[in-house]
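Student: I would like to learn how to read a model like this one, feature by feature. Please begin with a helix.

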Amino acid sequence: MRSLEPELERRRTEHLYRRRRVLDSAQGPLLQMDGKTLLSFCSNDYLGLANHADVIAALQRGAGQYGAGSGSAHLVSGHSAAHHALEEELAAFTGRPRALLYSTGYMANQGVITALLGRDDTLYQDRLNHASLIDGGLLSRAELKRYPHNDLAALAARMACQSGGDAMVAVDGVFSMDGDLAPLPELARLCEEQQAWLMVDDAHGIGVLGRDGRGSVDHFGLDEQAVPILMGTLGKAFGTFGAFVAGSEALVETLIQQSRSYIYTTALPPAVAEATRASLRLVQAEGWRRERLQQLITRFRAGAAQLGLALMESETAIQPILAGSAEQAVAWSQALDSQGILVTAIRPPTVPEGSARLRVTLSASHTVDQLDRLLEALGRLNRETDA
Ligand SMILES: *Cc1c(COP(=O)(O)O)cnc(C)c1O
């Protein structure tokens, strides 16, 4: 049996060691962490719903009615009226015939890809796709072909030489570590030409982009025809937990029959489904949250540009600041921490070698004053780095 220590030691010396911080408060701009108050710019609670009174009340009512746990898988005795109602509401929200709840986005991606693809098929993935899409692809045993980020010509060239079997293109709608969008209209056209499924993982678009927060597919004016498989997560803009896949009747029925990460796991607590129904109502009714977020994004980009920070091409709530080395990213994160600001460093292998970064994320729950505090702190960092 080999010793595990050398690998851990390598991670420490290469500034790649990952540590967990212990949180003592609800999610929000101000966190209690490790005994101090930090102003946070790294959650995915883009609309500020994770600690919303209506969502919490729905969770409590749901627990009162259904208890704490679902007690079983969906196909046994765990599929409650709360789950069912949420699925119907998510289908209506996304303008698709059906939606199916999964316990996590990670499982949804794995479940869809493994249910639809096998050994003789081909899965095309953007190089910057989320790990859960990559892992789903590996588990499916389909041939995995990755193409350079958002490079349609490279994708088209790879697709042109496919021989037999089914094909799928899977992409993040909004790339999780870069914040830019996939070129969905062009991808949809290519997939139609090539008779391939297009699957969009909209973990960071759903709730935030499109009409009433319908996501990146709606943002581009695309429908189910163009994007037959839409995955959305509920732990980010929706502020709760879980995920869903929306599409045709036949797609959802196929997943119910064949998707192993749907079948062989306990249904998420019904109370969580009730909480998500409440947050879905807020997502649709409170457009001001998206407007506020947009204003903060605009202000952040203008402020950061003035400071000469290396921003990326992102118009979304994800606003990474490129550091390059893992060491630099960690040093910046620690310097911000000492000023009471929490922005975690994102390092390889989560992002490509040499592109470690601070992943700043904004939320509708941030105030302009809080944003300006971040900009001031980043300005101080920048001056120290230049010196
Ligand atoms: C967070 C995320 C997931 C995983 O969703 P969970 O519900 O957290 O498991 C999948 N895809 C992308 C792009 C994500 O950012």
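Student: Which residues of helix 2 are buried?

Tutor: Buried means under 20% relative accessible area, exposed over 50%, and partly exposed in between, using a 1.4 Å probe and protein chains only. Helices (H or I, at least four residues) and strands (E, at least two) are DSSP runs numbered from the N terminus. In helix 2 the buried residues are Val 55, Ala 58 and Gly 62. Viewed down the axis of helix 2, its buried residues fall within an arc of 60 degrees, so they line one face of the helix. The arc is that of the directions from the helix axis to the C-beta atoms.

Student: Why do residues three or four places apart point the same way?

Tutor: An α-helix has 3.6 residues a turn, so residues at that spacing point the same way. As for the face of helix 2 turned away from its buried side, the exposed residues Ala 53, Gln 60, Arg 61 and Gly 64 are found there.

Student: What kind of model is this, and how are residues numbered?

Tutor: This is a predicted model, with residues numbered from 1 along each chain as its sequence is written. Local features need pLDDT of at least 70 and side-chain atom pairs count only at pLDDT 80 or more, while totals for chains, interfaces and linings use all residues; side-chain values use heavy atoms, leaving out hydrogens and water.

Student: What span should helix 2 have?

Tutor: The expected span is 1.5 Å times one less than the number of residues. Helix 2 (residues 53–66) has 14 residues and should span 20 Å; its end C-alpha atoms are 20 Å apart, which agrees.

Student: Which residues of helix 8 are buried, and which are exposed?

Tutor: The buried residues of helix 8 (residues 184–194) are Leu 184, Leu 187, Ala 188, Leu 190 and Cys 191. These residues cover an arc of only 165 degrees around the axis, which puts them on the same side of helix 8. Arg 189, Glu 192 and Glu 193 are exposed on the other side.

Student: Which residues come nearest to the ligand?

Tutor: A residue is near a molecule or strand if one of its heavy atoms lies within 4 Å of it. There are 14 residues around the ligand, and Gly 105, Tyr 106, Asp 201, His 204 and Lys 236 come nearest. Helix 5 (residues 105–116) gives the largest share of the shell, three residues.
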